[in-house]
Amino acid sequence: MRRMKRSGFLVFIGFLVFALLLAACGSGSSSNGSSGQAGSSSTGTSSSNTSSTGTSSSGASNAAETKPFYSSRDVIEIVVPFDAGGGTDAVARLFQKYLPNFIDGNPKVQVVNIPGSGGVKGANDYAQRKPDGYSLLQSSTSLIMQYVLGAEALKLDYKTQLPLIATPGPGVTVVSNKVYSGDPKELLNIPKDALIYGSQTPGGASAKTVLMLEFLKLADKTKFVWGYEGTSNAWLAFQQGEITVHSTPANVYLNTIVDEGIAVPLAQIGYLDENGIMHRHPELSDVPTIIEVYREMYGEEPSGPLFDAVNAMAYVDELSKSLYMPKDAPAEAIAAIKNAMEKMVQDKEFRSEAYKVLESENMIIGESLDKRNESFNKISEDSLNYIRKLLAEKYGVKGLKY
Amino acid sequence: MFDAAIHALMVLLDPVRLLFMFLGLIMGIIIGILPGLGGMTGMALLLPFLFGMDPYTAMALLIGMVAITHTSDSITSILFGVPGTSGAQCTVMDGYPLAQKGEAARALGAAFISSMFGGIVGAVILFVSIPMAKPIINTFGSPELFMLCLFGICMIGVFTGKRRLRGIMAGLFGLLVGTVGAAPAAPEYRYTFGLLYLENGVALILVTLGLFAIPEMIGLLSSSAMKSTAKLAGSSWQGFKDVLKNKWLVLQGSAIGTFVGFLPGLGGSIADWAAYTLAKKTVKNEQFGKGDIRGIIAPESSNNAKEGGSLIPTLLFGIPGSGTTAVLLLGFMLLGIQAGPKMITDHLDITLTIVWTLVLANIFGTALCFLISKPMSKVRSINPNKLVPFVLVIIFIGAYQATNDWGDYILLMCFGVLGWVMRDLGWPRIPFIIGIILSQSAERYLFLSLQRYEAWELLSRPGVIIIGLLILLTFLGGILSNKLKAIFHTFFNKKGAGVPS
């Protein structure tokens, strides 16, 4: 009996060791604020979660001249303010895999998921970390929209942040073919409540679609249904006929929605050239821009605060899935990572893996990205306040400051 | 399609892929055993290894891991009364009392075998339903989903026992606690008291750990008989026979599990409770809650069948029914596959590989579970004085996985105290859990329906009417049958003679 007891106890201890090890992996060293400074990260984490790439040689040649900012024992964390799974997380994991090969000194890169409150929790965690070059933020459409809408809970100021790489994912708004055949003029006489837009909440990424409908003067004829769990649930409701207007990322549109043949594209928010003129995204060359639709409908050039708002959304779209670093981070760190980005986007293997995830070749870095960020930061306060007021007063979004 | 199925089996039987499936299995078993870690964590841990893998191997690894977590999680549930994943809460109800009686091996055997059958049934239904899933899913709009939630809420009555009022109050309180955090259908937060932590709502795992596991530990320590309970009577063979004896119950549980998993938006946690409730209503001479082996068989077959079911909307619509399937979708993305209708045309081979992996992983995984169940069940012979501290450590580690925030500990303590009080004062705790589980979806679908439809439109939908009638039937059924019994009783009593007791 004694013997058995002891062996049972030993099994139990073994089990406990496993438990601790796995728990360490599971929590992915997240949210203990101090863990930004790298090497101290628990062994369980680094061994199982990072793809160590110590053998890569890109940084070795420089090592003789100057010591690189990062060393191979360092861990750079990418904060993903959402759960594992989903588009934003996918992009961050792509960087986790490929970035270490290209940063001088070959530090490890580690994705840390801090989900909660539509990205606000993770972003706030990131915002209060020291700008030491060891924490990056993977932003997303819904997070940057919270900033644009002035969500009070968000403590992150994008003006203090530097985008390192942007992977714009344009969106398409589609309408059921039962109520719309593709000629914008029809929309002028569309019966009330034929347009039913369903999505998660007017306070996140869906605010873009609300603004599009407002801009086309269709919002008052539209029935809004809020509360779907996610974009895919709303798409299911669209297929069921529960809703007739739906917004979706371009890659889902091209891959699934076109084939179903039940949805007609209404409009996209295109990209703005240097003169501020909107153009169609190359991958969505068949979908008219919102400005084109307006012209077709009303036969005049758009203007006014809603026009500014829609243009502002174009800048937001460009930066929707960007990787950020604080502007105050050590200059060497910024240089090292920016340099790595240049090399990474040239890499064939990275490009093909990225294409699988993003369904697009469009990745923006360097000066061109800085310019876009500048335009984003220049969106006028008036225009933003107009948007915020509209959403707060007409759509009941709480917690906005304007 | 059968040619394709056989081809997919051949693809999977490649030694390298089998090896990866076994890696997945081992990982899945450990993750299942550890409370707080579920399939989602496991998937997230495996993701980095997917880059550059071919899709069949990747599926063998991922699905192998998922398939077994709901089998191995019963080990912790039965031996310690601590649910190994949130899908195993229900197994605690009868598994733990059985273990206390010294029949841990029997309970484990029954749990593993029914879980295996459930998993295989789920896989078979996944295979069969591929061509007809779409029309079925399309008939369940928001109003129908709300009615299903309502059905679930009415089921609370089954667990109230003699203390009706207390049961109903506990259920209502559960619904209330479920509203903490982001409102599902309005852009605002409720009962957060300005705390960012509460904006996410209350994690279910904290509630179950607090409500059931903590009071159990307190009970173990404070009981005057500080002896190790288990004599380890009963064998897993007996559990196997129990399952065979209750094969219809297994089928019933699996069917419920698959159905619940199949409907996107209901949330998997309901599956095992639904099966448990129905079993309690349908079996004879039930001793549920006191160590009835059927109270293990029903939920275990259900929670594993759910995995097959929930893959249907995931694969065909790209709708993640749970955290696990959300990460699985990301895995697809990394492999360059877009979930959707193409999964049965262009990517049929991958879908079929998934079906086969589910089947094989369940069979091999169950065998592995049997191997470790013997040494594991010896843990029960350890003196509670030594055991409880370790289990408490595991509980606290598990709780911290909920959101990795200090708030997890505080909530765990709060619910622990609540659970202890409820246990000692004889308040039913199951209605509370069901209330929390259903709260969010009930509210979400109610508000979606009301925003979208007029009242008469809602009430005239055939789906709504059918489920509504079902609710009425179960509701009145209980009352009516009692009334009828009473009438018969008085009638025969008046006659005086030959009353059958």
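User: Where is the place of Lys217(A) in chain A?

Analyst: Elements come first: helices (H or I, at least four residues) and strands (E, at least two) are DSSP runs, numbered from the N terminus. Lys217(A) lies in the loop between α7 (207–215) and β7 (223–226) of chain A. Its phi is near 60°, a positive value in a residue other than glycine. This is a predicted model, in which local features need pLDDT of at least 70 and side-chain atom pairs count only at pLDDT 80 or more, while totals for chains, interfaces and linings use all residues. Residues are numbered from 1 along each chain as its sequence is written, and chains are lettered from A and ligands numbered from 1 in the order in which they are written.

User: Is Lys217(A) buried, exposed or partly exposed?

Analyst: A residue is buried if 20 or more other C-beta atoms lie within 10 Å of its own, exposed if 12 or fewer, and partly exposed in between, with C-beta atoms placed from the backbone. Lys217(A) has 14 other C-beta atoms within 10 Å, so it is partly exposed. Leu218(A), in the loop between α7 and β7 of chain A, is buried because it has 20 other C-beta atoms within 10 Å.

User: Which residues is Leu218(A) in contact with, leaving aside its neighbours within four places in sequence?

Analyst: Two residues are in contact if their C-beta atoms, placed from the backbone, lie within 7 Å. On that basis Leu218(A) is in contact with Leu187(A), Leu195(A) and Leu213(A), with neighbours within four places in sequence left aside. Leu187(A) is 31 residues from Leu218(A) along the chain, and their C-alpha atoms are separated by 7.9 Å.

User: Which value does phi of Asn106(A) take?

Analyst: Asn106(A) has phi near 50°, again a positive value in a residue other than glycine. The loop that holds Asn106(A) runs between α4 (87–102) and β2 (108–113) of chain A. Asn106(A) counts as buried because it has 26 C-beta neighbours inside 10 Å.

User: How do I read one face of a helix, and which are the buried residues of α9(A)?

Analyst: An α-helix has 3.6 residues a turn, so residues three or four places apart point the same way. In helix α9 (residues 250–260) of chain A the buried residues are Ala250(A), Val252(A), Tyr253(A), Thr256(A) and Ile257(A). Seen down the axis of α9(A), they fall within an arc of 155° (the arc of the directions from the helix axis to the C-beta atoms), so they line one face of the helix. These buried residues pack against β5 (171–176), β8 (245–249) and β9 (263–268) of chain A. After α9(A) comes Gly261(A), with a positive phi near 70°.

User: How do α13(B) and α14(B) pack?

Analyst: Axes are lines fitted to C-alpha atoms, for helices over the stretch in contact, and angles run from 0 to 180 degrees between N-to-C directions. Helix α13 (residues 269–282) and helix α14 (residues 294–317), both of chain B, pack at about 145° with their axes 8 Å apart. Residues of α13(B) in this contact include Ala271(B), Ala275(B) and Tyr276(B), and those of α14(B) include Gly295(B), Ala298(B) and Ser302(B). By class the contact residues are 6 nonpolar, 3 polar and 3 charged. Here Ala, Val, Leu, Ile, Met, Phe, Trp, Tyr, Cys and Pro count as nonpolar, Asp, Glu, Lys and Arg as charged, and the others, Gly among them, as polar.

User: How many residues of chain B are in contact with chain A?

Analyst: The size of an interface is often given as the accessible area lost when the parts come together. Counted by residues instead, 57 of chain B are in contact with 58 of chain A. On the side of chain B that touches chain A, α15(B) gives the largest share, 7 residues. That side has 35 nonpolar, 16 polar and 6 charged residues.

User: What do the chain totals say about chain A and chain B?

Analyst: Chain A has 15 helices and 13 strands, and chain B has 21 helices and 2 strands. The radius of gyration of chain B, taken over C-alpha atoms, is 23 Å, close to the 23 Å from the globule rule (2.2 Å times the number of residues to the power 0.38) for 501 residues, so chain B is as compact as a globular protein of that length. Buried residues make up 53% of the 402 residues in chain A, and 59% of the 501 residues of chain B count as buried.
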